[in-house]
Amino acid sequence: MPRSTRRRLMTATAVIAAATAAVAVAVTTAAGAFDSAQQAKNAVQGGKAKNVILLIGDGMGDSEITLARDYTVGANGRLNMDRFPLTGAYTTYAVHADGTPDYVTDSAASGTGWATGVKTVNGRISKTPGTDKAVKTILELAQKNGYATGSVTTAELTDATPAVLASHVTDRSCQGPADMAKCAKDTIAAGGPGSIAEQSVNHKVDVLIGGGKQRFDQKVTDGRYQGLTVTEQAQKLGYQVVTDSAGLKSAKAGKPVLGLLAAGNVPVEWTGKAAAVGGTDPQRCVTSNPNRPATTPSLADSATKAIQLLEAKQKANHSKQGFFLQIEGASIDKQDHAADPCGQIGETAAFDKAVKVARAYAAKHPDTLVVTTADHGHTSQIVPLEATPPGLSSTLVTDEGQQLKVNYSSNTPGLSQEHTGTQVRIAAQGPLAYRVLGVTNQTDLFATVREALRLR
């Protein structure tokens with residue numbers, strides 16, 4: 001065995017041993033943090049993963065998690081995302097064109113970080129910060145190595161977080177053929193790959209489920225599919241196009257699936273009064289939304305179907321490889337921007353149900369690496385009831401019957417609330433889950449998934 005190989009094996013063994021010791025301490029000092037001590041120990045393993053499920057809570061920093069926990073299951077309760085056996089934190093900063101740190105990232109730069117292992121400038125999708133060159137993504141590598149691939153989101157499928165997997169554009173705004181103003185060299189006319197929508201279907205991702213029908217209804221302006229809408233382009237490429245729960249339920253494995261569940265973002269699940277200057281009267285959130293059609297599948301339902309389709313495809317092909325699936329709860333971020341605590345909590349709760357789906361699958365398929373994290377932190381903060389924040393605030397009555405005050409003060413009232421530059425939680429179970437321990441960098445997640453799936 002070559003010396004370099006022995007060195008890597010010795011290092012990996014040492015890391016696993018250290019992680020096992022850390023878990024043993026955690027289990028004895030933090031009773032209830034894990035489903036069981038044995039599960040925690042089992043998570044500290046090397047080996048190859050057959051499948052990877054990556055769950056992204058957009059804007060879901062520790063404050064957003066705590067707010068949803070306090071409201072729904074109580075201060076001493078635990079969400080599904082709290083039950084992962086191994087938990088760490090990672091840094092989220094972007095970079096400027098010269099490579100120097102930009103301490104507060106947007107979703108495009110942060111997504112590019114875990115999708116490619118390369119940090120980039122805010123607004124850019126899976127391209128380098130200085131030279132604006134495309135960088136291979138984890139999804140592209142998975143496809144090359146025979147894995148089935150999928151992306152599920154509550155945002156438009158062309159929004160930044162899903163876009164980083166299967167497209168490369170200079171600016172995140174270039175979502176459809178009519179949206180290319182900031183991406184002149186990416187247009188098909190200029191010899192580029194086209195808009196995010198065009199690239200996503202051209203990549204033949206096996207499962208794409210989210211919103212954004214308005215982008216796919218735009219007409220292609222140049223190239224082979226000129227004059228067709230992107231939806232028609234997808235159908236030419238063999239996609240089954242579905243628009244609601246019934247269509248999604250009836251989708252069959254063997255042909256790729258494009259789920260366009262809303263014109264724009266998928267409507268949120270909960271409603272309530274937005275935060276206001278001077279606060280709001282104590283309120284209970286409304287766990288429904290009249291603007292959300294009853295035919296809209298939940299994120300958990302979409303995730304369940306995606307897993308079924310991806311698994312069925314690989315079984316039908318007698319493939320030894322499994323699948324890579326990204327699941328995004330997108331509107332945690334969007335409701336945080338709007339200082340809407342009920343919308344935000346409802347989307348976090350919906351995301352947490354998708355986490356439950358992923359963990360239930362992994363319980364039956366322990367060769368599945370499941371990771372949950374966020375792309376960046378956000379503005380909401382739980383503050384004392386007697387506090388008088390200068391910005392927007394709201395008082396909620398939790399499921400425990402207690403009052404809780406949440407504050408939004410990262411921007412002037414009336415403007416969109418801002419991301420923050422804080423590190424965020426990352427938790428995992430399955431092969432190589434130990435690599436999330438400690439404080440890592442967002443780009444390290446790319447390396448973890450790549451190594452778990454043995455992508456070359």
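Trainee: Hi! Where is Gly 88 found?

Mentor: Hello! Gly 88 sits in strand E2, residues 86-91. Keep in mind that this is a predicted model.

Trainee: Is Gly 88 buried or exposed?

Mentor: Gly 88 counts as buried because its relative accessibility is 15%, and the cut-off for buried is under 20%.

Trainee: How many residues apart are Gly 88 and Arg 454 in sequence, and what is the C-alpha to C-alpha separation?

Mentor: Along the sequence they are 366 residues apart, and in space 23 Å separates the two C-alpha atoms.

Trainee: Which residue does Arg 454 meet in a salt bridge?

Mentor: Its side chain meets that of Glu 451, at 3.4 Å from N to O. Arg 454 is partly exposed, with a relative accessible area of 30%, and Glu 451 is partly exposed at 29%.

Trainee: How many salt bridges does a search of the whole structure find?

Mentor: The search finds 16. Some share partners: Arg 124, Lys 127, Asp 132, Lys 185 and Asp 186 are joined that way into one network.

Trainee: Nice. Which side chain meets Glu 156 in a salt bridge?

Mentor: That would be Arg 215, with 2.7 Å from N to O. The pair links distant parts of the chain, 59 residues apart: Glu 156 is in strand E5 (residues 148-156) and Arg 215 in helix H8 (residues 213-216).

Trainee: Are those two buried or exposed?

Mentor: Glu 156 counts as buried at 8% relative accessibility, and Arg 215 counts as buried at 16%. Arg 215 also forms a salt bridge with Asp 179, where the closest N and O atoms are 3.0 Å apart. Asp 179 lies in the loop between helices H6 (160-166) and H7, while Arg 215 is in helix H8, so this pair ties together parts that are 36 residues apart in sequence. Asp 179 is buried, as is Arg 215.

Trainee: Changing topic: how many disulfides does the structure hold?

Mentor: There are two. One is formed by Cys 174 and Cys 183, with the sulfur atoms 2.0 Å apart. The other is formed by Cys 285 and Cys 342, where the sulfur atoms are 2.1 Å apart.

Trainee: Which link is right-handed, and which is left-handed?

Mentor: The link of Cys 174 and Cys 183 is right-handed, with 95° about the S-S bond. For Cys 285 and Cys 342 the value is -80°, a left-handed link. That pair joins distant parts of the chain, 57 residues apart: Cys 285 is in the loop between strand E9 (276-277) and helix H11 (299-316), and Cys 342 is in helix H13 (residues 341-364).

Trainee: And what is the pairing of the bonded cysteines, numbered in sequence order?

Mentor: The pairing is 1-2, 3-4.

Trainee: Backbone now. Which residues have a positive phi although they are not glycines?

Mentor: Among them are Ser 126, with a phi of about 50°, and Lys 204, with about 55°. Ser 126 is in the loop between helices H4 (107-116) and H5 and is buried, with a relative accessible area of 0%. Lys 204 is in the loop between helix H7 (196-202) and strand E6 (207-211); Lys 204 is partly exposed at 37%.

Trainee: Last one: which residues form a positive surface patch?

Mentor: Lys 136, Lys 144, Arg 450 and Arg 456 form one. Lys 144 is in helix H5, residues 138-144, and counts as exposed at 64% relative accessibility.

Definitions and conventions: Residues are numbered from 1 along each chain as its sequence is written. This is a predicted model: local features need pLDDT of at least 70, side-chain atom pairs count only at pLDDT 80 or more; totals for chains, interfaces and linings use all residues. Side-chain values use heavy atoms; hydrogens and water are left out. Patches are made of residues with over 30% relative accessible area and no salt bridge: like charges are joined within 9 Å, nonpolar side chains (Val, Leu, Ile, Met, Phe, Trp, Tyr) within 5 Å. Accessible areas come from the Shrake-Rupley method with a 1.4 Å probe; for residues, only the protein chains shown count as cover. A salt bridge is a side-chain nitrogen of Lys or Arg within 4 Å of a carboxyl oxygen of Asp or Glu. Lys and Arg count as positive and Asp and Glu as negative; His and the chain ends are not counted. The place of a charge is taken as NZ of Lys, CZ of Arg, CG of Asp or CD of Glu. Helices (H or I, at least four residues) and strands (E, at least two) are DSSP runs, numbered from the N terminus. Buried means under 20% relative accessible area, exposed over 50%, partly exposed in between (1.4 Å probe, protein chains only). A disulfide is a pair of cysteine sulfur atoms within 2.5 Å.
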